[in-house]
Amino acid sequence: SVLLNKTRDSRRIASLEADMQRIRVAERNFNEDIAAFNGELSWFHSCPSFRKAQEHVAEHWVSLGSGEHGLYVPRSEIEEDEAATFESMLAEMKLDGFDSPAAFH
């Protein structure tokens, strides 16, 4: 019985060591992939075409969110909204049937 337990333990240890080796290989491969990806990303960000695309976005779009993944809206829509006056909005509301403040309740 003691010999059987030692055999099971040695098999278990060998199995765990093999698992650990597979994990180390996977870790090394993952780290190599990430290093390659970061190199390609750095190259991409340094390309003139990427900088030109950033300039185009900055010129024609406005970020309404925070960070680099915010909501972007075309500048033309913002300019149209800013051009609307209170009087034009009031006239539009009257056309839609909102004649008085009581219509909102």
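This is a predicted model: local features need pLDDT of at least 70, side-chain atom pairs count only at pLDDT 80 or more; totals for chains, interfaces and linings use all residues.
In what order do the elements of the chain run from the N terminus on? They go α-α-β-β-α-α.

**The chain as a whole**
- The chain has 105 residues, and 4% of them count as buried.
- Its accessible surface is about 9,400 Å², with 59% of that belonging to carbon and sulfur atoms.

**A nonpolar patch on the surface**
- Four side chains to look for are Phe37, Leu41, Trp43 and Phe44, which form a nonpolar patch on the surface.
- Together, these residues have about 440 Å² of accessible area.
- Trp43 sits in helix H1, which covers residues 2–46.
- Trp43 counts as exposed because its relative accessibility is 57%, and the cut-off for that label is over 50%.
- Phe44, also in the patch, is partly exposed, with a relative accessible area of 38%.

**The aromatic pair**
- The chain's count comes to one aromatic pair.
- That pair is Phe44 with Phe50: the ring centres are 4.9 Å apart and the planes stand at 55°, so the pair is tilted.
- What does Phe50 count as, buried or exposed? Phe50 counts as buried, because its relative accessibility is 18% and buried means under 20%.

Conventions
Residues are numbered from 1 along each chain as its sequence is written. Side-chain values use heavy atoms; hydrogens and water are left out. Patches are made of residues with over 30% relative accessible area and no salt bridge: like charges are joined within 9 Å, nonpolar side chains (Val, Leu, Ile, Met, Phe, Trp, Tyr) within 5 Å. Accessible areas come from the Shrake-Rupley method with a 1.4 Å probe; for residues, only the protein chains shown count as cover. Helices (H or I, at least four residues) and strands (E, at least two) are DSSP runs, numbered from the N terminus. Buried means under 20% relative accessible area, exposed over 50%, partly exposed in between (1.4 Å probe, protein chains only). Rings of Phe, Tyr and Trp (its six-membered ring) pair if their centres lie within 6.5 Å; planes under 30 degrees apart count as stacked, over 60 as edge-to-face and the rest as tilted.
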